[in-house]
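Me: I would like to work through a protein structure with you, one question at a time. Could you show it first and begin with a term we will need?

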Amino acid sequence: MFKEKITALLKSKQNTNLFIYGLGQGFNLITPLLVVPYIVSVCGIESYGKVSIAMAISFFIMVFIDYGSDIIGVKDVAVNRGNNAELEKIFITTFCSKFVLLTLVLILCSLLFYLVPFFNTEKKLFFLGLPILIGQFLNPTWFLQGLENFKWITILTIISKVIYLLGIFVFIHQQQDYIYINLWWGIGTILANLLAFGYILNKYSFSFRKTQKTDIAKLLQENFSMFSSQIFVSLQMYAPIMIIGLFGNNLLAGQYKIVDQVIVIFKTYINLFFNFVYPRICFLLEKDEQSGLRFWKIYNGMNFIFVTVSMVIIYVLAIPIVSFFTKIDLSEISILLRLAVLVPVVLAISNPLKQLVLGSNSQRFYIRVTVAMVFLNLLLMMALFPYYKTYAIFMTLIAVETATIFIYYFYLKDKFAY
């Protein structure tokens, strides 16, 4: 009986999808570990800092192109997965809307890169990063995710990263080649996403001839509120290195990014864990609150122990870990890493509390807290950076996330018996 249960669990669609999706995300996380040491050794930490700032700006601008399709589009596709006519309408309307937004974004970026001194001094680097935005416009992951086609999502991820890896190792040989690094990221995403785009059009026989201007206008209007909220989420993710670029220098940005490459592995893992556990918690809380809380405690408790033990190991091995990326400023960067290990620890507490907040249908409260914490985060970073430099970034992230934990706790303590 036990053997049959294990076999059924391994063969279940949910776990198969999780494995396939995890494979792609794992490849996503390994890629920087392969290229960053090479980039730093060839181009230097300062140039790597420039590249990281430019990439962060491109990733932030992506939210203007996605315009909420990564959330609303996924839901619409999932709900209408059996209706080919409706899927066609969603697909072509979304991509036509994204094309309009892409055109506006490219025009605005071109003006900024020429007219604003911060961008103009490295305008080649910023212009060569624009293909990242084109690749994001072509990205059909939201559509595939709605259909739970994790196989193709993983294929896209692997193809784009393989092209990126080849571009870096084959064409980046001198310090001045750093301006082409983000270009190869863009080329990888464009080619991979074009392949998936063609696959979807061919499989479902979609035609852009049926595009209606009124549908585009309606989508842009209806998705505005979700797009607005996503701006804050994007700011929270990419603001730190942009602040370092604006108020510090490229060397500090490079140091920060090396530390972030280590920490982001666990931040991504925590988010994946959240996405996997959250639906089950919502279901159990609705069915039996005590059962849901028991499940929440067990899974998140084990996850917290895993994350904490991992961070202790990284704290102890900080110098060898940093030396994998660079031999320069080893002591300085390792101290930063030892401070930064607290970020995943507090996230491993705040994310489970966020599960309960959202699971108790307190979305409005969550949005208000998120917006307030993002503003507080940005203000503290800008206020403290002149005094504590890169340390201020991690100190602020830890402090704000800790404050979020207390806010969630006091909000939830009357709702649930922990």
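Reply: Buried means under 20% relative accessible area, exposed means over 50%, and partly exposed lies in between, with a 1.4 Å probe and protein chains only. This is a predicted model, in which local features need pLDDT of at least 70 and side-chain atom pairs count only at pLDDT 80 or more, while totals for chains, interfaces and linings use all residues. Residues are numbered from 1 along each chain as its sequence is written, and side-chain values use heavy atoms, with hydrogens and water left out.

Me: Is Ser 350 buried or exposed?
Reply: Ser 350 has its place in helix α18 (residues 342-359), where helices are DSSP runs of H or I with at least four residues, numbered from the N terminus. Its relative accessibility is 1%, so Ser 350 counts as buried.

Me: What kind of aromatic pair do Phe 99 and Phe 137 form?
Reply: Rings of Phe, Tyr and Trp (its six-membered ring) pair if their centres lie within 6.5 Å, and planes under 30 degrees apart count as stacked, over 60 as edge-to-face and the rest as tilted. A search of the whole structure finds 40 aromatic pairs. For Phe 99 and Phe 137, the centres are 5.9 Å apart and the planes 55 degrees apart, which means that the pair is tilted.

Me: How many residues apart in sequence are the parts that this pair ties together?
Reply: Phe 99 lies in helix α5 (residues 84-115) and Phe 137 in helix α8 (residues 130-138). Phe 99 is partly exposed at 48% relative accessible area, whereas Phe 137 is buried at 12%. The parts tied together by the pair are apart in sequence by 38 residues.

Me: Which two residues is Ile 71 in contact with, leaving aside neighbours within four places in sequence?
Reply: Ile 71 is found in helix α4 (residues 69-79) and counts as partly exposed at 34% relative accessibility. Leaving aside those neighbours, the residues in contact with Ile 71 are Met 226 and Gln 230.

Notes: Helices (H or I, at least four residues) and strands (E, at least two) are DSSP runs, numbered from the N terminus. Contact means heavy atoms within 4.5 Å.
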